[in-house]
Amino acid sequence: TTAVELPSEFLHTYISNCIHSCENIRDRYMQNRLVRLVCIFLQSLIRSRSINVQDLFVEVQAFCIEFSRIREAAGLFRLLKTLEP
């Protein structure tokens, strides 16, 4: 596959929009599903070093805490904790 370099500002805006979408969904099933997908997406970006998580640390950490009942959010939170300076 061919890697595409995306501007960091675009990624940050996209991630923020994903987080806001998760917070605004009223259907619990769809909300849980989207939260899991966003968490896996973020873990993938962090592990591949495609984003500097420090730029979004507070927002992503708050997201993980808000959805801590979801296993993937707890996993993302643990990953963030290993990256703390």
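These are my notebook entries on a predicted model.

**Ground rules.** I number residues from 1 along each chain as its sequence is written. The model is predicted, and I take local features only at pLDDT of at least 70 and side-chain atom pairs only at pLDDT 80 or more, while totals for chains, interfaces and linings use all residues; side-chain values use heavy atoms, with hydrogens and water left out.

I looked up the largest pocket and noted a volume of about 200 Å³. A pocket here is an open set of points on a 1 Å grid over the protein atoms alone, where a 1.4 Å probe fits, with protein on both sides within 12 Å along at least five of seven lines; lining residues have an atom within 4 Å of a point. Points are joined across faces, edges and corners, and the volume is the space filled by probe spheres set on them. I listed the lining as Ala3, Val4, Glu5, Leu6, Phe10, Leu11, Tyr14, Phe41, Leu45 and Ser50. By class I have eight nonpolar residues, one polar and one charged. The classes are nonpolar for Ala, Val, Leu, Ile, Met, Phe, Trp, Tyr, Cys and Pro, charged for Asp, Glu, Lys and Arg, and polar for the others, Gly among them. Helices H1 (8–24) and H2 (28–47) each supply at least two lining residues, and H1 gives the most, with three. I take helices as DSSP runs (H or I, at least four residues), numbered from the N terminus.

In soluble globular proteins, nonpolar side chains tend to be buried together. I found 24 residues in the largest nonpolar core, where Val60, Phe63 and Leu76 touch the most other members. H1, H2, H3 (57–66) and H4 (71–83) each give two or more residues to this core, and the largest share, six residues, comes from H2. A nonpolar core means buried Ala, Val, Leu, Ile, Met, Phe, Trp, Tyr and Cys residues joined through side-chain atoms within 4.5 Å. Buried is under 20% relative accessible area, exposed over 50%, and partly exposed in between (1.4 Å probe, protein chains only). Not counting residues up to four places away in sequence, Val60 touches Ile19, Leu42, Leu76 and Leu80. Contact is heavy atoms within 4.5 Å.

I found zero disulfides (cysteine sulfur pairs within 2.5 Å). Cys39 is in none, and its nearest cysteine sulfur, that of Cys64, is 5.5 Å away. Cys64 is likewise in no disulfide. Cys39 counts as buried because its relative accessibility is 0%; Cys64 is buried at 1%.

Most residues other than glycine have a negative phi. Arg49 is not a glycine, yet I noted a positive phi of about 60 degrees. Arg49 lies in the loop between H2 and H3 and is exposed, at 72% relative accessible area.

I placed Arg69 in the loop between H3 and H4. Its relative accessible area is 43%, so Arg69 is partly exposed. Beyond four places in sequence, Arg69 touches Arg28, Gln31 and Asn32.

Leaving aside neighbours within four places in sequence, I found Gln43 in contact with Glu72, Gly75, Leu76 and Leu79.
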